[in-house]
Amino acid sequence: MSAGPSEPLLVVEGLRTHFFTRLGVVRAVDGVSFTVGRREVLGIVGESGSGKSVTGFSILGLVDPPGRIVGGRILFEGEDLTRLPEGRLRALRGERIAMIFQDPMMTLNPVLRIETQMAEAIRAHHPDVTTTEARELARDGLARVGIPAAEERLSAYPHQFSGGMRQRVAIAIALLNRPSLLIADEPTTALDVTIQAQILHEVRKLCAESGTALIWITHDLAVVGGLADRVAVMYAGRIVEQGPVDAVLDHPLHPYARGLIGSVPSRNRRGVPLQQIPGMTPSPLKLPVGCSFRTRCTRADDRCLVMPELEPLPARHLVRCFHPYLEVVS
Amino acid sequence: MSAAPLVELRQVSKRFARPLDLAERMARSLGATVSERVVHAVDRIDLTVFPREVVGLVGESGCGKSTLGRLVVGLYEPSDGVVLLRGVDRGSLGREERRRAQLRAQMIFQDPFASLNPRLKVREIVGEAPRVHRLVARRDLDRRLDDLLRRVGLDPSYKTRYPHQFSGGQRQRVGIARALAVEPEFIVCDEPVAALDVSIQAQVINLFVRLREELDLAYLFISHDLGVVEHIADRILIMYLGRIVESAPTEELFRQPNHPYTQALLAEVPRLDRRRRSFAPVKGEIPSPLDPPPGCHFHPRCPHAMDRCRREAPALREIAPGRLSACHLNERG
């Protein structure tokens with residue numbers, strides 16, 4: 001069963017991933033819904049603890065106990081990933097859906113040569129590929145992500161690469177089997193500006209060439225602005241605003257998204273205090289009743305004691321707020 | 001600015017050497033040519049910070065910006081060159097004088113988790129230095145603590161808490177209160193907001209700006225984030241592999257970057273107003289400081305590199321009033 005070309009590649013509906021800790025239940029992801037079209041780039045933005053990474057891990061079925069997906073559906077090419085047996089999920093991972101992490105050493109095994117790791121990723125899904133063919137594919141993969149002297153580098157170990165080069169290797173491995181979806185969890189956060197620019201450039205180019213859709217998870221609004229078609233802003237386990245990247249970044253409707261974008265230094269005039277969101281992210285164990293942002297919001301009133309729904313507005317823009325900044329749009 | 005500089009560095013270098021291990025020493029005694037590996041973390045740098053000035057220091061990892069910050073506050077001794085505090089050579093000061101002088105320059109660190117002792121209460125973390133240096137009478141210490149905590153936006157009742165009871169942003173505020181406790185006139189801030197979430201980062205940057213106005217502070221503000229530095233600094237220094245390559249007033253630097261490395265940095269910083277833009281990023285890796293390229297350190301990545309750049313390191317020269325750049329291109333035409 002495969003989805004038609006007009007249907008989205010990935011449909012996440014009401015995803016709920018909770019962690020059952022000794023101190024109580026952490027609703028890390030609590031009713032998240034979004035879609036990703038073929039070849040589309042979706043940015044998921046949020047601060048620490050917003051649930052953005054857990055959302056990515058949930059799609060791949062990589063949530064470890066005490067965490068568990070407790071509700072919702074994840075339809076990928078028509079199949080519900082939350083109901084797939086582990087064996088079938090394994091076959092998808094690295095083949096149809098791949099992931100890169102903030103720390104490339106989460107992908108790489110420190111005691112194996114790069115060649116061994118890359119060949120393994122190919123032959124795990126295509127056992128009929130010979131060792132020689134796998135080596136060639138691996139070499140081409142390294143060359144594609146801009147690693148010089150790819151042939152020689154195949155026999156190197158991960159510690160012989162710099163941080164930026166390791167991330168390139170991780171990306172090369174992720175793209176080896178030409179997946180239709182790549183999930184990137186803050187892969188450039190630990191890198192320097194010039195190296196980050198190179199990686200962003202390569203990933204965007206490679207995904208466009210191989211027709212891979214991309215979910216880019218980050219705390220950095222500016223990176224999303226340069227990369228994504230659409231963006232979802234998460235706060236305390238929920239999407240509070242979602243829409244085309246220009247609409248969300250230029251005319252944010254949710255008070256949190258607006259505060260977040262307003263607090264970026266380059267958006268502010270020198271010498272004028274930065275816009276700031278008062279207070280801090282509430283503890284995930286003690287979220288306020290109703291809208292989770294209520295206690296930090298200047299617009300909150302009694303209505304906000306009930307959690308608002310993610311309401312659709314014109315132009316595929318959605319917002320979860322009773323008092324959105326609608327006047328700004330007109 | 002006419003006042004005497006608070007801090008002045010003259011041709012300061014800092015080298016770190018890894019001593020030879022046993023096998024290498026044996027090899028050498030048998031006649032092999034084995035030498036110590038030396039990192040030139042900071043290479044003949046001049047730097048001045050005037051009273052009430054905020055100097056931004058920008059560079060990528062390994063460029064030596066943190067080492068430079070530590071040299072300035074006296075956590076490291078320079079391998080070469082002199083550090084002047086209000087015009088007096090720090091090396092010439094006696095022990096007690098030096099201790100007094102160094103109290104005037106404090107430091108705030110990047111990691112608010114690693115830079116606070118987890119076993120001490122806030123009262124001890126912030127109050128220890130003024131007590132040890134006898135800056136405040138014992139009976140006034142509590143009132144002083146309350147003032148300090150209020151000044152950095154923390155509730156005075158928090159002084160009985162331990163660091164683990166605070167969020168990252170609050171811990172950074174504790175670190176700031178600790179630096180302020182000895183009434184410095186100058187603070188080296190080493191990536192103080194890099195570990196914080198965007199919304200918390202804005203709160204802490206605003207705090208730095210407010211404190212500077214209230215207390216007439218000067219900062220050396222070290223960051224890899226040009227957006228943050230653009231907001232807070234009066235003047236910006238760009239560092240690459242141990243050397244300063246450009247120095248300019250903030251607005252001029254952003255309007256018209258001179259050095260090719262500065263130009264590359266400015267072009268490549270993701271900005272909110274740049275959407276799905278395609279560009280050719282600067283090529284290559286940051287070279288290892290153990291083995292920097294000869295001549296201009298940036299030449300292997302520079303689109304304008306000429307023969308001369310491979311042979312000869314360009315000096316940091318004045319290219320306009322108040323602007324310095326180290327690039328051979330400025331000497332043509």
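Residues count from 1 along each chain as its sequence is written, with chains lettered from A and ligands numbered from 1 in written order. In this predicted model, local features need pLDDT of at least 70 and side-chain atom pairs count only at pLDDT 80 or more, while totals for chains, interfaces and linings use all residues.

**View 1. Chain A, overall fold.** Chain A holds ten helices and twelve strands. Helices (H or I, at least four residues) and strands (E, at least two) are DSSP runs, numbered from the N terminus. The C-alpha atoms of chain A fill a box of roughly 65 × 50 × 45 Å along the principal axes. Of the 330 residues in chain A, 48% are buried. A residue is buried if 20 or more other C-beta atoms, placed from the backbone, lie within 10 Å of its own; 12 or fewer makes it exposed, and in between it is partly exposed.

**View 2. Chain B, overall fold.** Chain B has eleven helices and twelve strands. Its radius of gyration is 22 Å, close to the 20 Å that the globule rule gives for 333 residues, so chain B is as compact as a globular protein of that length. Buried residues make up 42% of chain B. Contacts are pairs with C-beta atoms, placed from the backbone, within 7 Å. Among those in chain B between residues at least 6 apart in sequence, 67% join residues at least 24 apart.

**View 3. Helix 7 of chain B.** This helix covers residues 198-215. At 1.5 Å a residue, its 18 residues should span 26 Å, and the end C-alpha atoms are 26 Å apart, which agrees. The expected span is 1.5 Å times one less than the number of residues. Buried residues of the helix include B:Val198, B:Ile205 and B:Phe208. Their cover includes helix 10 (255-262) of chain A and, from chain B, helix 6 (168-180) and strand 7 (186-190). Just after the helix, B:Asp216 takes a positive phi of about 55°.

Conventions: Two residues are in contact if their C-beta atoms, placed from the backbone, lie within 7 Å. The radius of gyration is taken over C-alpha atoms; the globule rule is 2.2 Å times the number of residues to the power 0.38.
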